[in-house]
Amino acid sequence: MARKGEDRFYISRRRMVEEQIIARGIRDRRVIEAMLTIPRHLFVDEALQEQAYGDYPLPIGEGQTISQPYMVALMTEALELKGDEKVLEIGTGSGYQTAILAHLAERVFSIERISSLASRARRVLDELGIFNVVIRVGDGTMGWPEEAPFDGIVVSAASPDLPEPLIDQLAPGGRLVIPVGSPFSQELLKVTKKEDGSLIKQGLGGCRFVKLIGEYAWKE
Ligand code: SAM
């Protein structure tokens with residue numbers, strides 16, 4: 001994996017981590033290390049690489065975006081990954097957060113509804129030697145029942161509500177992180193499933209994501 005001196009973006013990446021991630025309160029050392037390691041510029045078009053470490057989302061084609069670095073860090077930290085988890089990601093997009101999750105968990109299952117994005121993400125992950133990820137094209141609001149339960153589920157598109165299949169497929173003690181609200185603004189929610197199946201919901205702040213489109217979200 002790219003490290004100091006090995007790529008010309010290392011200094012930009014370190015600045016991103018210091019100014020956007022640590023300065024805003026992300027404390028999980030493993031998340032910080034993953035964000036220092038994963039070469040974010042490889043997940044955007046070459047013409048946008050100089051902007052890859054900026055404090056904003058960027059277009060990745062098909063009307064979709066690679067999420068703002070801080071949002072990726074915040075969502076990932078909320079999953080509380082220790083290394084032995086099975087994680088489900090909805091909305092592979094560029095594959096950047098997928099790579100961060102793969103660095104921090106044992107296995108990642110990622111669903112993307114747009115096949116061209118899924119293929120591109122797979123290619124970049126392969127080039128980086130990240131093989132503990134399975135990507136599937138489909139409607140992520142249905143989850144991935146054959147692989148459930150999951151210790152962590154992260155949804156990186158805005159949802160009108162908590163998709164029922166994702167709650168069902170969350171392991172007892174597991175965490176679901178999801179932006180919930182209107183198509184124009186959402187609250188980032190961390191939902192923890194207790195051993196008795198009840199849910200604890202915690203707001204992590206306001207955000208704005210592209211729409212989650214599917215059976216248990218907005219219809220196309
Ligand atoms: N974390 C990604 C990244 O950093 O590249 C950001 C992904 S982007 C904000 C949201 C993605 O969710 C888009 O690629 C979109 O196509 C996808 N999406 C929307 N609805 C979906 C669904 N029902 N199932 C799977 N993917 C979906």
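A residue counts as buried under 20% relative accessible area, as exposed over 50%, and as partly exposed in between, with a 1.4 Å probe and protein chains only. This is a predicted model, in which local features need pLDDT of at least 70 and side-chain atom pairs count only at pLDDT 80 or more, while totals for chains, interfaces and linings use all residues. Residues are numbered from 1 along each chain as its sequence is written, and side-chain values use heavy atoms, with hydrogens and water left out.

A search of the whole structure finds ten salt bridges, a salt bridge being a side-chain nitrogen of Lys or Arg within 4 Å of a carboxyl oxygen of Asp or Glu. One of them joins Arg 122 to Asp 126, with the closest N and O atoms 3.2 Å apart. Both residues belong to helix 5 (residues 115–127), where they stand four residues apart and are therefore separated by about one helical turn; helices here are DSSP runs of H or I with at least four residues, and strands are runs of E with at least two, numbered from the N terminus. Arg 122 is partly exposed, at 23% relative accessible area, and Asp 126 is also partly exposed, at 35%.

Another salt bridge links Glu 50 and Arg 8, whose closest N and O atoms are 3.1 Å apart. Glu 50 sits in the loop between helix 2 and strand 1 (58–61) and Arg 8 in the segment before helix 1, so the pair ties together parts that are 42 residues apart in sequence. Glu 50 is exposed at 60% relative accessibility, and Arg 8 is exposed at 63%.
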